[in-house]
Amino acid sequence: MVTKNKTGGFASKLIGWRMWVQTAFLLVWLDPAGLRLHTMCSPVFHCYACPLATFACPIGVIAQFGALHVFPFIAVGLLIAVGALFGTLICGWVCPFGFLQDLAAKVPTPKFDLPKFTGYFRYVVLIGTVLAVPYFFGESHPLFVCRVCPAGALEAAVPTMVGQAIAGTEVVWPNAIKLTILIVFIIAIFFMKRPWCRVLCPLGAIFSLFNRISAFFLQFDADKCTHCEKCHKLCEYGIEPEKTPNDLNCIRCLECTKCSPDALNLGSIFEQSKSKEIQTQ
Amino acid sequence: MINKNTKILIFGLLVLFGVALLAYGALFHSTTVSAQQDGEPVMLAKSESALIKDASVSGVKRDESGKIKQTYAIGEKAPEACST
């Protein structure tokens with residue numbers, strides 16, 4: 001009989017409930033208690049200009065602080081600590097913007113895949129719009145991340161415009177680039193799985209750097225693998241989990257751990273393993 | 001392949017570093033911001049938490065001289081919406 005480790009066993013029970021876990025986290029991010037704790041960052045991609053945002057967006061904070069030439073200790077410290085613990089498990093299970101794309105992907109439309117190299121655009125976005133543009137050109141530059149962010153457009157600009165329209169005041173439209181990105185994003189989420197997360201998300205880019213060293217990771221047991229390649233079919237993001245279980249493009253939805261030989265499992269550094277070597281490729 | 005002990009060490013160091021940065025930012029880090037009070041410029045030491053809140057609504061800007069300025073006067077209400 002095949003047995004899973006403690007973490008893997010717990011994760012395999014949770015996989016069917018992933019959407020409910022994401023929904024539960026929405027209650028944390030969408031500020032149902034009206035706390036507006038905007039002095040603190042969350043580890044997820046959720047615009048703090050949204051009328052429903054408990055915490056500040058770490059990417060927004062890093063960019064805004066970059067424009068001020070001040071080092072964002074809180075945002076960077078939080079991302080390092082959370083990244084070292086979970087890596088992109090945050091993207092797959094916790095992030096509200098990822099959840100929105102998961103819900104849109106449920107609509108039965110033809111789905112297209114993107115070449116794997118497009119995942120590297122995330123680092124271009126991170127270095128360009130979050131670090132370089134704010135630092136060298138300030139927050140008024142049209143390529144400043146918040147000025148092109150679809151989360152900001154969808155969660156903040158659209159509700160604000162609706163509010164202005166209802167109140168009968170002048171409706172302030174977002175800039176043309178932001179509006180175009182929002183429209184492209186809304187169309188794309190129905191025809192691709194998590195287009196933002198896979199191609200452009202700067203926060204996912206940061207967390208993906210921790211995937212190979214995070215406390216929770218995807219563990220591959222070569223002895224159990226029958227090379228059936230079922231994990232290739234289970235992975236919706238074009239990753240071959242038995243070759244690179246902790247791939248930079250993985251969002252750790254853990255669907256691949258459903259493979260019947262049980263060769264893939266969620267592992268953690270906190271538990272004893274039979275083998276001293278852990279595959280982290 | 002990374003040895004498990006190495007992985008635990010890397011993880012421990014990263015978490016420690018992350019928590020240290022977080023604690024320093026939340027408890028000790030402050031930035032000098034120029035603000036207006038009754039038409040006179042005054043210098044304020046803003047904590048990083050307060051700066052996060054102000055930055056989220058474009059309440060602070062960096063001018064051409066490199067000074068960080070509060071966009072609203074002391075006693076006035078901060079802007080409600082982000083300029084982006």
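Student: How is the packing of helix α6 of chain A and helix α10 of chain A described?

Tutor: Two packed helices are described by the angle between their axes and the distance between the axes. Keep in mind that this is a predicted model. Here helix α6 (residues 96-105) of chain A packs with helix α10 (residues 176-191) of chain A at an angle of about 55°, and the axes are 7 Å apart. The two helices α6(A) and α10(A) are therefore oblique to each other. Their crossing is right-handed.

Student: Which residues make the contact between α6(A) and α10(A)?

Tutor: From α6(A) come Phe97(A), Leu100(A), Gln101(A), Ala104(A) and Ala105(A), and from α10(A) come Phe185(A), Ile189(A) and Phe190(A). By kind, the residues of this contact divide into seven nonpolar, one polar and no charged.

Student: Which cluster do ring pairs form with Phe97(A) and Phe185(A)?

Tutor: Ring pairs link Phe97(A) and Phe185(A) with Phe45(A) and Trp196(A) into a cluster.

Student: How many aromatic pairs are there over all chains?

Tutor: Rings count as a pair if their centres lie within 6.5 Å. By this rule there are 15 aromatic pairs over all chains. Take Phe86(A) and Phe216(A): the ring centres are 5.6 Å apart and the planes are at 10°, so the pair is stacked, the cut-off being under 30 degrees.

Student: Where do Phe86(A) and Phe216(A) lie?

Tutor: Phe86(A) is in helix α4 (residues 73-86) of chain A and Phe216(A) is in strand β3 (residues 216-220) of chain A, so the pair ties together parts that are 130 residues apart in sequence.

Student: Is Phe216(A) buried or exposed?

Tutor: Buried means under 20% relative accessible area. Phe216(A) has a relative accessibility of 18%, so Phe216(A) counts as buried. Phe86(A), with a relative accessible area of 28%, is partly exposed.

Student: What kind of pair do the rings of Phe216(A) and Phe270(A) make?

Tutor: Their centres are 5.9 Å apart and their planes are at 65°, so this pair is edge-to-face. The pair links distant parts of the chain, 54 residues apart: Phe216(A) is in strand β3 of chain A, and Phe270(A) is in the loop between β4 (264-268) and β5 (277-278) of chain A. Phe270(A) is exposed, with a relative accessible area of 51%.

Student: Now chain B. Why is helix α2 of chain B described as largely enclosed by the rest of the structure?

Tutor: Seven of the nine residues of helix α2 (residues 48-56) of chain B are buried, so the helix is largely enclosed. The buried residues include Glu48(B), Leu51(B) and Asp54(B). Another is Ser49(B), which counts as buried at 16% relative accessibility. Leaving aside residues up to four places away in sequence, Ser49(B) touches Thr39(A), Ile74(A) and Ala26(B). Just after α2(B), Ser58(B) takes a positive phi of about 55°.

Student: At what angle do helix α3 of chain A and α2(B) pack?

Tutor: Helix α3 (residues 58-68) of chain A and α2(B) pack at about 100°, with their axes 10 Å apart. The helices α3(A) and α2(B) are therefore roughly perpendicular to each other. On the α3(A) side, Val61(A), Gln64(A), Phe65(A) and Leu68(A) take part, and they meet Glu48(B), Leu51(B), Ile52(B) and Ala55(B) in α2(B). The residues of this contact divide into six nonpolar, one polar and one charged.

How values were computed
Residues are numbered from 1 along each chain as its sequence is written. Chains are lettered from A and ligands numbered from 1 in the order in which they are written. This is a predicted model: local features need pLDDT of at least 70, side-chain atom pairs count only at pLDDT 80 or more; totals for chains, interfaces and linings use all residues. Side-chain values use heavy atoms; hydrogens and water are left out. Axes are lines fitted to C-alpha atoms, for helices over the stretch in contact, and angles run from 0 to 180 degrees between N-to-C directions. Helices (H or I, at least four residues) and strands (E, at least two) are DSSP runs, numbered from the N terminus. Angles under 35 degrees count as roughly parallel, over 145 as roughly antiparallel, 65 to 115 as roughly perpendicular and the rest as oblique. A crossing is left-handed if the near helix is turned anticlockwise from the far one by less than a right angle, and right-handed if clockwise. Contact means heavy atoms within 4.5 Å. Ala, Val, Leu, Ile, Met, Phe, Trp, Tyr, Cys and Pro count as nonpolar, Asp, Glu, Lys and Arg as charged, and the others, Gly among them, as polar. Rings of Phe, Tyr and Trp (its six-membered ring) pair if their centres lie within 6.5 Å; planes under 30 degrees apart count as stacked, over 60 as edge-to-face and the rest as tilted. Buried means under 20% relative accessible area, exposed over 50%, partly exposed in between (1.4 Å probe, protein chains only).
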